[in-house]
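Dear colleague,

Please find the structure handed over below, together with a summary of what was found in it.

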Amino acid sequence: MAQQQQEVKLMKGNEVIAHAAIRFGCDAYFGYPITPQSEVMETLMELKPWETTGMVVLQAESEISSINMVYGAAATGKRVLTSSSSPGISLMAEGISYIAGAELPCLIVNCQRGGPGLGTIQPSQGDYFQACKGGGHGDYHLIVLAPNSVQEMHDFVKLGLDLAFKYRNPAMILADGAIGQMMEKVVLAPQQPRRTNEEIAAECKEWATYGKPADRKRNVVTSLELQSEAMEQINLRLNAKYRTMEENEVRYEAIECDDADYVLVAFGSSARICSATVEMARAEGLRVGLLRPITLYPFPTRPIAELAKRVKGFLSVELNAGQMVEDVRLAVNGAAPVEHYGRQGGMIYSPDEVLAALKQKLIKA
Amino acid sequence: MAEVEIKPENRVYGKSPLITDNVMHYCPGCSHGTVHKLVAEVIDEMGIAERTIGISPVGCAVFAYNYIDIDWIEAAHGRACAVATAVKRLHPENMVFTYQGDGDLSAIGTAETIHAAARGENIVAIYINNAIYGMTGGQMAPTTLIGMKTATTPYGRDPRLNGYPYKIAEMLTHLDGTAYITRQSVHTPANVRKCKRALRKAFETAMAGKGFSLVEVVSTCNSGWKMSPVAANRWLEENMLPFYPLGDIKCND
């Protein structure tokens with residue numbers, strides 16, 4: 001069989017979200033401009049997918065509206081996504097909670113910038129808590145994917161939506177301004193067809209609200225249940241779903257961890273920087289490894305706990321004041337020292353700054 | 001007493017087949033039940049039940065999905081027109097309507113309402129204006145009349161303190177995306193019939209792709225107003241209708 005010609009392009013992380021959404025057969029995108037991710041919608045508008053695949057693209061009047069459009073589209077069984085950056089995600093928090101409560105699949109891309117408040121338009125990883133610990137009200141979890149390259153921005157559009165449908169749960173790509181703005185080589189997937197209404201009706205018959213045919217009961221998409229006994233059962237069902245995700249969907253990358261004395265834990269753009277730190281440390285004869293969570297929720301608790309049995313310490317390297325470090329500490333559970341190194345405000349550490357921090361915080365001790 | 005047998009040929013009125021057997025939670029005398037009935041009748045008579053998707057609000061009508069036998073999506077407070085926008089854009093062949101109260105559509109959801117209207121979305125918003133927040137216990141709504149007592153205006157609405165009521169229906173007429181804007185009531189049999197005609201016209205407008213429609217229904221909340229149903233109907237006529245006059249406000253044919 002002839003090898004299919006790969007389509008390789010040089011693209012920004014934000015642009016590739018748009019291309020991937022079209023190519024993976026998404027039905028709709030709803031968004032509102034915000035720096036540093038506006039290229040997602042700009043690219044979609046330029047590509048005009050409504051003329052080719054039939055994908056709907058709409059600029060809403062606010063992030064509140066765009067996430068509720070996502071809610072509506074998802075309720076009918078369609079594959080739908082939105083994107084924004086930190087302050088916009090805060091505005092979406094209510095809608096995300098409703099989507100989680102109503103158990104709808106969708107994809108939300110957060111190209112993080114520094115906060116709090118209006119903050120800065122430069123990269124940050126300050127929304128880890130918001131993405132992984134709720135963000136909106138009530139007990140719920142998003143599936144959170146952390147890409148560290150433009151290629152993963154592309155690939156995670158499919159992975160995120162596949163997981164979202166598998167669990168009927170909102171998924172988030174937690175990127176940052178650096179991943180969104182940087183240009184890299186990317187292998188684009190071939191164009192896949194959108195699902196037909198008949199396929200959606202067959203696949204999502206139990207819950208989707210595309211109009212009630214005579215052969216089924218009416219479907220109602222809601223997160224409301226006023227009877228406490230019944231509401232608790234819903235909560236327990238959601239909890240069971242989250243435990244299943246924790247069991248089956250943890251993804252991570254371990255670099256040079258097998259013989260490591262010290263392990264850096266970093267995601268996204270920080271992990272790219274830390275992989276260079278590992279090389280520098282190894283050149284100096286220091287046995288340093290990198291554990292990169294790819295899913296931030298579910299978090300790679302077990303592999304970190306395994307490493308904690310034999311390493312001398314962990315350094316959680318994040319572009320924030322120390323957020324993921326709390327999950328690293330929970331995983332390590334006192335078995336080894338855990339420190340945090342971070343920068344904020346849009347400032348980014350260099351690989352040697354990370355190495356210096358590792359030496360200062362852990363190795364010297 | 002012996003049961004009276006009603007022969008089918010003598011039957012002049014019946015429950016719409018789309019109204020479920022669930023016991024309605026609405027207070028006796030409330031307008032919601034009547035408007036639900038009309039919506040069900042219009043959908044049934046147009047033969048579009050399999051293609052209709054309702055968006056229910058937060059407010060007393062949050063459980064609308066229990067009463068009309070079609071697919072429903074329960075929206076967050078105020079967001080129904082955004083939800084409806086997406087459903088209609090992805091299912092242009094379907095009938096998509098929202099059913100919202102005055103707090104939902106014209107306070108917390110003002111932006112979603114106005115922008116869906118401005119875009120000319122081919123949806124219908126059914127807007128129950130009873131000048132009060134019924135479900136949360138009778139607080140001031142954006143439509144509460146001057147001087148009207150509510151749980152949060154216990155001495156009467158004072159414009160210096162609480163601002164003025166506003167008429168979103170008239171505001172929407174200025175938007176190019178709106179096709180049909182009307183204000184109705186259901187407090188007399190004649191008004192019920194007129195309201196049904198208006199709902200039908202709005203649904204047909206949406207299905208014809210002519211743009212956004214709003215059917216405001218000036219309604220009673222006798223529990224919130226603390227009146228008997230009969231007194232509430234009288235109060236509506238004497239106080240609500242002078243400020244919220246009935247009839248078509250905009251009609252693009």
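The contact between the two chains draws on 32 residues from chain A and 29 residues from chain B. Please bear in mind throughout that this is a predicted model.

On the chain A side of that contact, five elements each supply at least two residues: β2 (28-31), β3 (56-59), α3 (63-75), α4 (86-101) and β9 (220-221). Of the residues of chain A that touch chain B, the largest share comes from α3(A), which gives seven. Sorted by class, this side of the contact has 16 nonpolar residues, 10 polar and six charged.

Turning to chain A itself, the domain assignment gives domain 1 (7-197) and domain 2 (252-363). The centres of these two domains of chain A, taken over C-alpha atoms, are separated by 27 Å. Where they touch, 24 residues of domain 1 of chain A are in contact with 21 residues of domain 2 of chain A. On the domain 1 side, the elements of chain A that give two or more residues are α5 (128-132), β6 (143-145), β7 (170-176) and α7 (177-181). Among these, α5(A) gives the most, with four residues. By class, the side of domain 1 of chain A that touches domain 2 of chain A has 15 nonpolar, eight polar and one charged residues.

As for chain B, its secondary structure comes to nine helices and nine strands. The radius of gyration of chain B is 18 Å, close to the 18 Å that the globule rule gives for 253 residues, so chain B is as compact as a globular protein of that length. Taken along the principal axes, the C-alpha atoms of chain B fill a box of roughly 60 × 55 × 30 Å. Of the 253 residues of chain B, 54% count as buried. Considering the contacts in chain B between residues at least 6 apart in sequence, 67% join residues at least 24 apart.

With kind regards

Definitions and conventions: Residues are numbered from 1 along each chain as its sequence is written. Chains are lettered from A and ligands numbered from 1 in the order in which they are written. This is a predicted model: local features need pLDDT of at least 70, side-chain atom pairs count only at pLDDT 80 or more; totals for chains, interfaces and linings use all residues. The radius of gyration is taken over C-alpha atoms; the globule rule is 2.2 Å times the number of residues to the power 0.38. A residue is buried if 20 or more other C-beta atoms lie within 10 Å of its own, exposed if 12 or fewer, and partly exposed in between; C-beta atoms are placed from the backbone. Two residues are in contact if their C-beta atoms, placed from the backbone, lie within 7 Å. Ala, Val, Leu, Ile, Met, Phe, Trp, Tyr, Cys and Pro count as nonpolar, Asp, Glu, Lys and Arg as charged, and the others, Gly among them, as polar. Domain bounds come from an automatic or database domain assignment.
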